[in-house]
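Here are some notes from a pass through the model, for you to check against your own view. Have the coordinates open as you read.

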Amino acid sequence: MVTKLSHTSFFVTDQEKAYDFYVNKLGFKVNTDVKMDNGMRWLTLNPPEQPDLEIVLMDASGDGGGMGWDTETQKALKLLLEKGVMGAGVLHAPDCRATYVELKAKGVNITEPQEQFYGIECIVNDGCGNWFSMTQPKEGI
């Protein structure tokens with residue numbers, strides 16, 4: 001029986017730039033950062049309040065993070081990332097407006113907070129091909 005999700009991957013155009021965004025701007029913690037025998041960098045991060053969830057920052061600039069994909073697949077993934085259209089999920093923020101001000105001051109590409117039926121939301125771009133909804137959910141949702 002499956003009991004939980006332990007790892008998920010974000011494909012990125014540049015691991016160093018992604019490291020800076022997730023660690024220095026969002027405050028994620030580095031779990032693992034090692035160079036593997038095949039030359040691939042295994043870089044995993046944890047959201048501050050989710051130490052049991054590891055996010056793998058997969059370098060898609062070469063062969064899809066060492067995944068061994070064919071050239072057509074590599075080009076398709078790279079194109080999607082270069083266009084910045086990989087939507088990776090929802091980031092939770094207990095105070096969306098305050099987090100917006102903090103991230104904007106750090107130079108993050110982020111939209112102004114908007115009221116939605118589910119809460120207050122901004123759209124955040126990691127600069128490496130992914131965008132997220134950053135949401136302060138309404139109480140009871």
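**Cysteines, then the sheet and its helix**

1. Cys128 counts as buried, at 1% relative accessibility (buried means under 20% relative accessible area, with a 1.4 Å probe and protein chains only). Cys96 is buried too, with a relative accessible area of 0%.

2. Before going on, the ground rules: this is a predicted model, where local features need pLDDT of at least 70, side-chain atom pairs count only at pLDDT 80 or more, and totals for chains, interfaces and linings use all residues. Residues are numbered from 1 along each chain as its sequence is written, and side-chain values use heavy atoms, leaving out hydrogens and water.

3. How many disulfides does a search of the whole structure find? The count is 0, a disulfide being a pair of cysteine sulfur atoms within 2.5 Å. For Cys96, the closest cysteine sulfur is in Cys122, 3.6 Å away and too far for a bond. For Cys128 the closest one is also in Cys122, but at 19 Å, again too far.

4. There's an open sheet of 4 strands, ordered β1-β4-β3-β2 with mixed pairing (strands are DSSP E runs of at least two residues, helices H or I runs of at least four, numbered from the N terminus; two strands pair if DSSP finds at least two bridges between them). β1 (7–12) and β2 (29–35) are the edge strands, each pairing on one side only.

5. β2 and β3 (residues 41–46) run antiparallel, joined by 6 bridges. Asp33 has Leu43 in β3 as its bridge partner.

6. Helix α1 (residues 15–25) has buried residues including Phe21, Tyr22 and Val23. Just after α1, Gly27 has a positive phi of about 85 degrees.

Note on methods. Buried means under 20% relative accessible area, exposed over 50%, partly exposed in between (1.4 Å probe, protein chains only).
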